[in-house]
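Open the model in your viewer and keep the selection panel at hand. The stops below each name something to select and then say what is there.

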Amino acid sequence: MNQSSSEAGANMSLALRAWNIRRKALLMGQVQGQGYIGQALGVADVLAACYFHALRYRAQDPEWEGRDRFLLSIGHYAIALYAALMEANVLPEEELPTYGMDDSRMPMSGMASYTPGMEITGGSLGQGLGIAVGMALGLKRKENPAFIYNLMSDGELGEGSTWEAAMSAVQHRLDNLICLVDFNNQQADGKSTDMLAQVPEEQKWAAFGWMAQRVDGNDMSAVVAALDAARAADHTGPRVIIFDTRMCKGVEFLENREITHFVRVEPDEWATALAVLEEGKPQ
Ligand SMILES: Cc1ncc(C[n+]2csc(CCOP(=O)(O)OP(=O)(O)O)c2C)c(N)n1
Ligand SMILES: [Mg+2]
């Protein structure tokens, strides 16, 4: 079946999909007692809108040639993508308890060769957009109308290689490339806006020739509208959406915690986090 995501999601709201993604990510975190949970909770709305609204793919045929490719440039966000891939039935949910174990198809940092639906091995930050440019160019040369979506982080905007790739995407008029930036305003050493993000990011991308949008990445209708506009835009080059997201979204006591990059969750807090999430379950 040519499963467009909108068909797959017809019976369930995107808000509920996002909630399910958050829950699965928390359950995986609980398995290992750790994980990049703050990022997964923050980006869940964007992932739900991608997998249940924007992307074309076949859950049972992840290598279908006509699929839109979703690239996870940020390998440390793998827990978030596994949750989305399980929700989308690309990965079986029964494998959830194997997260991060030896021989699991869900290692803690994403590896393309291990996991159906994981298109690239990300993790060395700043590489994903360059790979995305090559893949988008390849699709064009093959006259394949699919799109490339590349999910990157605000920390990656400080990598020079990102901007080299951004220029080449414009040079090659890659109107089949949509870059998604999870701007949670956190990176390993603190807030992104305290480092190399003094000029608003959307202005930088626009100056490089990209169609640029910036929206609240935890507002589902804004996320969907931005994804639709990026795909439909009458623009001869690549498109970027900066999503402002909140780390740990949906679990208030974690949202309020002082976070730099890696939120610590004590062993007894996982159950509390799941209970708090449960209280906010969409109808
Ligand atoms: C080239 C490279 N440098 C450093 C790292 C180590 N590293 C892993 S995640 C991370 C933080 C990068 O910022 P961001 O992805 O925005 O972090 P988050 O929002 O997840 O806190 C760093 C520096 C890396 N993976 N690759
Ligand atoms: Mg960040």
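Begin with N89, which sits in the loop between α4 (78-87) and α5 (128-141); helices here are DSSP runs of H or I with at least four residues, strands are runs of E with at least two, and both are numbered from the N terminus. The phi angle of N89 is near 65 degrees, a positive value in a residue other than glycine.

Before going further, note that this is a predicted model, in which local features need pLDDT of at least 70, side-chain atom pairs count only at pLDDT 80 or more, and totals for chains, interfaces and linings use all residues. Residues are numbered from 1 along each chain as its sequence is written, chains are lettered from A and ligands numbered from 1 in the order in which they are written, and side-chain values use heavy atoms, with hydrogens and water left out.

Select D103 next, which lies in the loop between α4 and α5. Phi of D103 is near 70 degrees, a positive value in a residue that is not glycine. D103 is exposed, with a relative accessible area of 80%; buried means under 20% relative accessible area, exposed over 50%, and partly exposed in between, with a 1.4 Å probe and protein chains only.

Now show the strands. Five of them form an open sheet with parallel pairing, in the order β1-β2-β3-β5-β4; two strands pair if DSSP finds at least two bridges between them. At the edges are β1 (69-72) and β4 (211-216), each of which pairs on one side only. Neighbouring strands of this sheet are turned by 20 degrees against each other on average, direction ignored. The axes behind such angles are lines fitted to C-alpha atoms, for helices over the stretch in contact, and angles run from 0 to 180 degrees between N-to-C directions. β4 runs parallel to β5 (residues 239-244), and six bridges join the two. To see one bridge, select A212, whose partner in β5 is V240.

Go to the magnesium ion (ligand 2). Which residues coordinate the magnesium ion? They are D154 (OD), N184 (OD1) and Q186 (O), at 2.0 to 2.3 Å. Donors are N, O and S atoms within 2.8 Å of the metal (3.2 Å for Na, K and Ca), and sites may look incomplete because water is not among the atoms. Along the chain, the donors follow the spacing D-x29-N-x1-Q. Both N184 and Q186 are buried.

For the interior, colour the nonpolar cores, which are sets of buried Ala, Val, Leu, Ile, Met, Phe, Trp, Tyr and Cys residues joined through side-chain atoms within 4.5 Å. The largest has 69 residues, and Y51, F70, L180 and L227 have the most contacts inside it. Helix α3 (residues 37-54) gives the most to this core, with 13 residues. A second, separate core has 26 residues, including I120, I148, A169 and A197.

Select T162 in helix α6 (residues 160-171). Is T162 buried or exposed? T162 is buried, with a relative accessible area of 0%. Leaving aside neighbours within four places in sequence, T162 is in contact (heavy atoms within 4.5 Å) with G126, L129, M152, E156, L157 and W205.

Finish at R231 in helix α8 (residues 220-232), a partly exposed residue with a relative accessible area of 25%. Residues up to four places away not counted, R231 touches A54, R56, D68, F147, Y149, I178 and R239. The side chain of R231 reaches the backbone oxygen of A54 at 3.5 Å.

Note on methods:
Polar contact = N/O pair within 3.5 Å; in protein donor to acceptor, adjacent residues only side chain to side chain.
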